[in-house]
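Biologist: I'm new to this one, could you walk me through it?

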Amino acid sequence: MAVDLRKETYSALSRRPAQIMQIPIKEDVIVPDSKPDVGRILQTGVRFAPEESTLEGQRIRFGGKLEFTVLYLGDGDSCEVHSMKTSVTVDDFLNVDGLPPEADGRIRYELKNTIENVRTTLLNSRKLNLSALLEMEAVLTWCQDTPMVMDVQGIDGIQIQTHGMPMRRLMADKDEKFIVKDEIKIASSSPNIGEILWWDATIKNKEQRIADDKVTLKGDIGVCVLYTGMEGGGQVEFLESMLPFNGIIECTGVKPEMMAQLKLSIVKCFLQIGQDQDGEDRVLDAEIVCQCGLKVYEETQQDVISDLYAPAWDLDISKKICPVQRFIFCNQMKAGITEVLSVPESAPDILQIFYASARPKLDDYTILEDQIQVEGVLYVKVFYLAADDHCPISSFSEIVPFSQKIEARGIRPDHLVEIDPFLESVSGAMQGGREVEIRANLMLDACVVEEKDIALLTDVSAKQREPEELDSLPSMAVYLVQRGDDLWSIAKHYNTTMDTVAKLNSIDPQGTLKEGTPLIMVKEA
């Protein structure tokens, strides 16, 4: 018999634990002919510029370039600061064995990279050895859609049992890039730009707001630049600027009461010397490519069918085990980190600090009672004007460990935890000529989710019972309530309904049954 089923699709976001691989990089490079000899290495920066990546069966093929910038002091008595750039091509794959067959074609993956152990060895004045450890991390997710039955029509006397269940539904999953273009003008008191030595770009003050069918985002990109002036014997100048950005991501079906998780990162940055209205090199043209990962969730209390029957019908019920998620909490914590760093013995004293930069990395977390203990490090770089005529600027790097606790009431070891660190600000202050006090504000976005495997009703078919079968059932019986009984299971067993049993026995159909109570049972058909 045809059964009228009303179905809704439940979309659960399944997540595969992170897959990590490490790639050691070691490369000898020759100083370009256009650059002077190297006397002393001041600092080495490296960024991974990703290119196209693809999921090929049970592995992710990825590529890109490790872009090195080496800041150095020229050889000889000139004491001028220079920089050189080079890149190392990366082409590799990361195994992600064990992906479920039902996820085929629907897998989304996020590739993260961390670069550690960066070293530059001066082999001779025209040759350097660059080394680094590139760590690639893949986080895989896929949306598992289950059409669950919400209501059944067309069967006489159908009895339906439901229970309320909190459910987290994925409403939008976006992965987009946007470009911020702007001009950075230097101060009137500064000389024209000769050479860009070094730059850092970081996202600050990020905000997102959900509206009907869209998510708006805004923030700033903080840019710090070291450059040499065109006049004055290569004097090093410092420039700092904030570039605002804003945008709209279209997300059909989202509403203001939903919850958004936003991740922003800078994947590429281009700085080029430009000319002002007078034709002088006093402008930096910035073009910054940002990656935006956005997920929007809805938390609802859903009435789920847990059981059903009809006294005169044989029902064939299909169920599917599905992971059902609900939010335990989402919390943002601001952690203040303060550390006093000492200048290395081989480096000159500090005369003035240009700026400090930092990059956070989470190493581990531990679930405690109503808390999450987070352990990680800040990779800090300090750039400063040196009190040394033979070394006008200098820089040093340091690793600053941190440990923070996030309030998480009701958290359990079996809960799913996701923590996203975001550096809001960092600064450095002189503590004499040999020490720097680093102050950093670190935002920790924590999301805790409970996941349970639930049998969801996916299909129902019905066949009317034969009259002979119904006639063979007892017309009346007396049943003594046993420990653990409920009215639903008793009525179902005796081919009747809860309302009929309650009416015949003058009891509350929603009440609790007392052990040993006799109940008169009369079949419905």
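This is a predicted model: local features need pLDDT of at least 70, side-chain atom pairs count only at pLDDT 80 or more; totals for chains, interfaces and linings use all residues.

Biologist: How many helices and strands are in the chain?

Modeller: The chain has three helices and 21 strands, taken as DSSP runs (H or I, at least four residues, for helices; E, at least two, for strands) numbered from the N terminus. Its radius of gyration, 33 Å, is well over the 24 Å that the globule rule gives for 525 residues, so the chain is more spread out than a compact globule; the radius is taken over C-alpha atoms, and the rule is 2.2 Å times the number of residues to the power 0.38.

Biologist: And what box do the C-alpha atoms fill?

Modeller: Roughly 110 × 45 × 40 Å, taken along the principal axes.

Biologist: Switching topic, which residue forms a salt bridge with K263?

Modeller: That is E110, with the closest N and O atoms 3.8 Å apart, where a salt bridge means a side-chain nitrogen of Lys or Arg within 4 Å of a carboxyl oxygen of Asp or Glu. Because K263 lies in strand β12 and E110 in strand β6, the pair ties together parts that are 153 residues apart in sequence.

Biologist: How many salt bridges does the structure hold?

Modeller: The structure holds 22, including one between K295 and D173 at 3.7 Å.

Technical notes
Residues are numbered from 1 along each chain as its sequence is written. Side-chain values use heavy atoms; hydrogens and water are left out.
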